[in-house]
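Have the model open as you read.

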Amino acid sequence: MRYSALSLLVNAFSGQKNWTPVWREPEPKPEYDVVVVGGGGHGLSTAYYLAREFGLANVAVVEKGWLGSGNIGRNTTIVRSNYLLPGNEPFYEFSLKLWEGLEQDLNYNAMFSQRGVLNLFHNDAQRDAYARRGNAMRLEGVDAELLDQAAVRRLCPFLEFNDVRFPIQGGLLQRRAGTARHDAVAWGYARGADSRGVDLIQNCEVTGFLVEGGSIRGVETTRGTIKARKVGVAVAGSTTRVMDKAGLRLPIESHVLQAFVTEGLKPILPGVVSYGLGHFYISQSDKGGLVFGGDIDGYNSYAQRGNLPMVEHVCEIGMAMMPMLGRARILRSWGGVMDMSMDGSPIIDRTPIDGLYLNCGWCYGGFKATPASGYCFAHLIARDQPHEVATAYRLDRFETGHVIDELGHGAQPNLH
Ligand SMILES: Cc1cc2nc3c(=O)[nH]c(=O)nc-3n(C[C@H](O)[C@H](O)[C@H](O)COP(=O)(O)OP(=O)(O)OC[C@H]3O[C@@H](n4cnc5c(N)ncnc54)[C@H](O)[C@@H]3O)c2cc1C
């Protein structure tokens, strides 16, 4: 069913009784050309682009829970392409360009809103670092503006400009960046993939891999064996657990990241704002809630919940940046499991098992990558060649030393 103003009108006059389900609930077939493991944003977008761009429709997405039950439905929805390094910037800009046409492409309202992302700086050294980042972005043809204090004041007069330790000196602004409705992104890709013949199989956990002579033959699941010529794994925080079943150890650690939302308020935040001297980022949802987050909890875990010390830590930083936040009441908080790579950049690559492909290492930045990750992973699976913007995301870079140390922090997930 195509969504349009006319379909809204027709259904309004027929008592909203004629909407069809957004996707089917098929039984798994015994065999597919490609099985994608993980029905999060990346798995669903991979299936969508496999069908739409590469003509592969005999595809199944196998999800252990319900579609969108992982990080795709838990994140703070920030979309941006303000990266510094050559291995990353073209990829994230490719993603942002896909975001810009996504809703028309999917015929689905993902509430993508380009209201800007502003990263604050608080001292001269940090200003220089942001100037360098902004220049690197502009060299790649990406929009970036360095704002002085007066310009930040005009945009966000309510910030704490006079803090004696960390006065706000200015900020790096990317106007084309913004936010989107996370679940709608998953649902839009699911609908698009389903309508092109992809089977979306929920409540079906992959419990093992069928490997013969070093080549993949399929997967074992809680709903039986499913054979496949190729298998792509995109299970984010569960990556190490799932790939362990294929006998592969990875340079990935799983960590919890929490997010918070306040009661609904009148519009105050023009876009996304992030603090420069502590890890804190905040935006306002269309319903009015302030949505914010900070650091990962800092210990390895597969649990989708966090601990209280980080709640206090995040709120302290939020108050330092935006004191009026103290008047808002937090309604909900939740956690997701992050697949932290050891250089802060992702992996989209083949594995030592022929026909088994891996997509992981998104740390806490994979939502913005959803379109490009799916596109590039589909490209890799269909053509056995990396897409040109994802050539740096090799699995073996930790052995060869070609790491993409985007945040300059080295192998410390707690600092990413
Ligand atoms: C609190 C929080 C805030 C974040 N904020 C941002 C942000 O502002 N901007 C940004 O860009 N990124 C953000 N992220 C990161 C982003 O959400 C993730 O990097 C991204 O969603 C991961 O990819 P995914 O959507 O495919 O993962 P998921 O949605 O987690 O998908 C993986 C799926 O695999 C399934 N699975 C696991 N094991 C199996 C198995 N054995 N068999 C079958 N299925 C399995 C899981 O059930 C899950 O549905 C945030 C994350 C969190 C938790």
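## Around the ligand

The shell around the ligand splits into 14 nonpolar, 20 polar and five charged residues. In that count, Ala, Val, Leu, Ile, Met, Phe, Trp, Tyr, Cys and Pro are nonpolar, Asp, Glu, Lys and Arg are charged, and the others, Gly among them, are polar. Of the 39 residues around the ligand, Gly38, Gly40, Gly70, Gly336 and Gly366 come nearest; a residue is near a molecule if its C-beta atom, placed from the backbone, lies within 6 Å of it.

Before going further, a word on the source. This is a predicted model, in which local features need pLDDT of at least 70, side-chain atom pairs count only at pLDDT 80 or more, and totals for chains, interfaces and linings use all residues. Residues are numbered from 1 along each chain as its sequence is written.

Back to the shell: α2 (41-54) and β12 (252-264) each supply at least two of its residues. Helices (H or I, at least four residues) and strands (E, at least two) are DSSP runs, numbered from the N terminus.

## Two domains

Where does the ligand lie relative to domain 1 and domain 2? Domain 1 (25-78 + 182-251 + 343-415) and domain 2 (115-177 + 253-341) both give residues to the shell, so the ligand lies between them. The domain bounds come from an automatic or database domain assignment.

The C-alpha centres of domain 1 and domain 2 are 28 Å apart. Across the boundary, 24 residues of domain 1 are in contact with 22 residues of domain 2, contact meaning that the C-beta atoms of two residues, placed from the backbone, lie within 7 Å. Helix α7 (residues 239-244) gives the largest share of the domain 1 side that touches domain 2, namely three residues. That side of domain 1 has 10 nonpolar, 11 polar and three charged residues.

## Helix α3

Helix α3 (residues 89-106) has 18 residues and reaches 25 Å from its first C-alpha to its last, close to the 26 Å expected at 1.5 Å a residue. The expected span is 1.5 Å times one less than the number of residues. There is a bend of about 45° at Glu100 in α3, taken as the angle between axes fitted to the seven residues ending there and the seven starting there.

The buried residues of α3 include Phe91, Tyr92, Phe94, Trp99 and Leu102, and also Glu89 and Glu93. A residue is buried if 20 or more other C-beta atoms lie within 10 Å of its own, exposed if 12 or fewer, and partly exposed in between, with C-beta atoms placed from the backbone. Those buried residues of α3 pack against β3 (78-79), α4 (124-139), α6 (182-195) and α9 (370-383). After α3 comes Asn107, with a positive phi near 55°.

## Cys360

Cys360 sits in strand β18 (residues 356-360). Is Cys360 buried or exposed? Cys360 is buried, because 31 other C-beta atoms lie within 10 Å.

Leaving aside neighbours within four places in sequence, Cys360 is in contact with Ala236, Thr239, Ile252, Asp339, Pro346 and Ile347.

## Two positive phi values in loops

Gln16 is not a glycine, yet has a positive phi of about 55°. Gln16 is in the loop between α1 (5-13) and β1 (31-37), and counts as exposed because it has 9 C-beta neighbours inside 10 Å.

Asp384, also a residue other than glycine, has a positive phi near 60°. Asp384 lies in the loop between α9 and α10 (397-400), and with 12 C-beta neighbours inside 10 Å, Asp384 counts as exposed.
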